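User: I am new to this structure. Please show me how to read its features.

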Amino acid sequence: MSWLNLKYPVAVAAALLAAACGFTPVYAPGGTGSALYGVVTVQAPETIGATDDTDAYFLVQNLETRLGRGNGADYALDLKLRTQSEGQAITADNEITRYSIVGQAAYVLTRQSDGVIVASGDVENFTGYSATGTTVETLAGERDAHRRLMVILADQITTELLSTADLATSSGEQLSAPPK
């Protein structure tokens, strides 16, 4: 029996198994994705306490792109951001030719109505850039690495929020998406 003959039955079996264990797609009607979109106010970049305000700005911008901008929102997303540059490749002359930027972000999603924390956690990742070109090339590479890192951290935070946030109210009912 060839692999192609087994591919479709295996896919159907996997879908049935996922449905049986209570799996719901995040962006399905009533899923966490639709329930959180546009109802989360992300903390202002100036108050995050990052070593570089540009990093905080790009992190907030990327989170608002993924979660929508929550004006008068039901939830508040508080963040703490830390980045650190580390030399990775050192020549025999003691010159660093490659850097990594390590970023760590802690987040807390709080329901505004009752102050309950519905999700929290920490994410960490890194990006790198080369320092072998001119000063302008190195600075551009560093700036790009910081921007890429903020995209990665925003993706990780969004993924964790959508997969772990407990949006049930104290009465046990699930919050639904706002009317459009």
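**Aromatic pairs**

Analyst: The structure holds 2 aromatic pairs. Rings of Phe, Tyr and Trp (its six-membered ring) pair if their centres lie within 6.5 Å; planes under 30 degrees apart count as stacked, over 60 as edge-to-face and the rest as tilted. This is a predicted model: local features need pLDDT of at least 70, side-chain atom pairs count only at pLDDT 80 or more, and totals for chains, interfaces and linings use all residues. Residues are numbered from 1 along each chain as its sequence is written, and side-chain values use heavy atoms, with hydrogens and water left out.

User: How do I read a pair, and what are the values for Tyr57 and Phe58?

Analyst: A pair of aromatic rings is described by the distance of the centres and the angle of the planes. For Tyr57 and Phe58, the centres are 5.3 Å apart and the planes are at 70 degrees, so the pair is edge-to-face.

User: Is Phe58 buried or exposed?

Analyst: Buried means under 20% relative accessible area, exposed over 50%, partly exposed in between (1.4 Å probe, protein chains only). Phe58 has 14% relative accessibility, so it counts as buried. Tyr57, at 44%, is partly exposed.

User: What about the rings of Tyr99 and Tyr129?

Analyst: Their centres are 5.4 Å apart and their planes at 15 degrees, so this pair is stacked. The pair links distant parts of the chain: Tyr99 lies in strand 3 (residues 96-111) and Tyr129 in strand 4 (residues 117-130), 30 residues apart. Strands (E, at least two residues) and helices (H or I, at least four) are DSSP runs, numbered from the N terminus. Tyr129 is buried at 7% relative accessibility, whereas Tyr99 is partly exposed at 22%.
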